[in-house]
Amino acid sequence: MAAPLELSCWGGGWGLPSVHSESLVVMAYAKFSGAPLKVNVIDNTWRGSRGDVPILTTEDNVVSQPAKILNFLRKQKYNADYELSAKQGADTLAYIALLEEKLLPAVLHTFWVESDNYFTVTKPWFASQIPFPLSLILPGRMSRGALNRILLTRGQPPLYHLREVEAQIYRDAKECLNLLSNRLGTSQFFFGNTPSTLDAYVFGFLAPLYKVRFPKIQLQEHLKQLSNLCRFCDDILSSYFRISLGGISPAGQDMVDANLQKLTQLVNKESNLIEKMDDNLRQSPQLPPRKLPTLKLTPAEEENNSFQRLSP
């Protein structure tokens with residue numbers, strides 16, 4: 001009997017099984033390859049200290065990062081690429097590199113750096129999945145990590161300023177979406193009628209960008225103009241995750257939006273309260289440290305104490 005495979009990942013919303021791109025990549029690949037994953041969605045009982053998910057756990061192994069998890073699944077005979085030719089395998093590697101270089105920075109910026117999106121959608125949603133007080137710390141850490149990742153790969157000369165970097169990453173992302181749309185054409189998947197690793201990566205990167213409701217949607221608007229990529233995401237959701245094209249009813253979405261708004265207010269209120277407490281502590285009068293009285297020893301006691309210090 002094969003060892004059980006358990007995947008710890010971020011949960012879903014907006015009609016998605018997960019709103020986290022890297023979690024979605026692994027979940028989609030498992031569906032395509034038939035890997036029997038038991039999905040453990042992070043919730044408010046989670047006791048992790050970082051956002052380094054997804055994580056695949058077996059009896060003998062703990063594997064993180066999508067590429068390593070997919071390689072592990074292939075070694076367990078769960079291979080979604082077994083029908084691909086050598087050229088198609090090489091094309092897969094090239095397109096994944098293109099996604100990570102051209103599209104991923106814009107996805108990270110849309111979720112974690114664009115302030116309106118971060119404070120109204122991303123931060124409240126992720127904070128709702130994490131126990132207090134980590135919910136006040138981890139989203140900010142993930143946001144800084146996303147910005148550092150963007151600047152590390154795209155903040156080189158001649159793009160010194162953040163606004164120049166932002167403009168360039170969105171141009172690159174739109175170009176990448178156009179290339180993906182042209183490559184997919186009218187096909188169901190990128191290599192015919194059977195999904196593969198490339199389809200898992202494209203779906204994982206595009207589906208959150210396509211489905212999550214952001215106030216700032218410049219890249220989302222461009223994606224929705226490419227109807228074949230939108231159809232691609234909808235088909236995978238309906239065929240492999242049994243989620244309807246609409247995700248949830250309008251009434252249900254209104255309830256989700258209302259709850260998200262309340263959660264946003266609560267998280268901001270808690271953050272403001274902590275900042276106020278810090279300010280009060282800094283402004284409160286500080287007493288000098290109290291000196292302890294010095295005990296004076298008699299000559300006999302001093303002599304006895306010196307002897308004890310010198311004794312082995």
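**Strands, helices and cut-offs**

Mentor: Helix H1 lies across strands E1 and E2 and runs at about 150° to E1. This is a predicted model, where local features need pLDDT of at least 70 and side-chain atom pairs pLDDT 80 or more, while totals for chains, interfaces and linings use all residues. Residues are numbered from 1 along each chain as its sequence is written, and side-chain values use heavy atoms, without hydrogens and water.

Trainee: What makes a stretch a helix or a strand here?

Mentor: Both are DSSP runs, numbered from the N terminus: helices (H or I) have at least four residues, strands (E) at least two. H1 covers residues 21–33.

Trainee: How do you know that E1 and E2 pair?

Mentor: Count the bridges. Pairing takes at least two DSSP bridges. E1 (residues 5–9) and E2 (residues 37–41) share 5, so they pair. They run parallel. Leu 5 faces Leu 37, and Leu 7 faces Val 39.

Trainee: Why is the crossover from E1 through H1 to E2 called right-handed?

Mentor: Point the strands away from you. A right-handed path from the first strand over the helix to the second runs clockwise. This β-α-β crossover is right-handed, so its path does run clockwise.

Trainee: What makes E2 and E4 edge strands?

Mentor: Look at the order of the open sheet, which is E2-E1-E3-E4, with mixed pairing. E2 and E4 (62–64) each have a single partner strand, so one side of each has no neighbour in the sheet. Neighbouring strands are turned by 25° against each other on average, direction ignored.

Trainee: Why are H7 and H9 called roughly perpendicular?

Mentor: Start with the axes, which are lines fitted to C-alpha atoms, for helices over the stretch in contact; angles run from 0 to 180 degrees between N-to-C directions. The axes of H7 (residues 197–211) and H9 (residues 227–240) cross at roughly 100° and come within 9 Å. Under 35 degrees is roughly parallel, over 145 roughly antiparallel, 65 to 115 roughly perpendicular, the rest oblique. H7 and H9 are therefore roughly perpendicular. Their contact includes Phe 203 and Tyr 210 of H7, and Phe 232 and Leu 237 of H9.

Trainee: Why is His 109 called buried?

Mentor: Buried means under 20% relative accessible area, exposed over 50%, partly exposed in between (1.4 Å probe, protein chains only). His 109 has 3%, so it counts as buried. The residue sits in helix H3 (residues 86–113).

Trainee: What makes His 109 and Tyr 170 a polar contact?

Mentor: Their side chains meet at 2.9 Å. The definition asks for N or O atoms within 3.5 Å; within protein, one must be able to donate a hydrogen and the other to accept it, and residues adjacent in sequence count only if both atoms are side-chain atoms. His 109 also touches Glu 114, Ile 150, Glu 166 and Ile 169.

Trainee: Trp 14 or Lys 77: which is buried and which exposed?

Mentor: Trp 14 is at 12%, so it counts as buried. Lys 77 is at 73%, so it counts as exposed. Trp 14 lies in the loop between E1 and H1, and Lys 77 in the loop between H2 and H3.

Methods. Contact means heavy atoms within 4.5 Å. Lists of a residue's contacts leave out its neighbours within four places in sequence.
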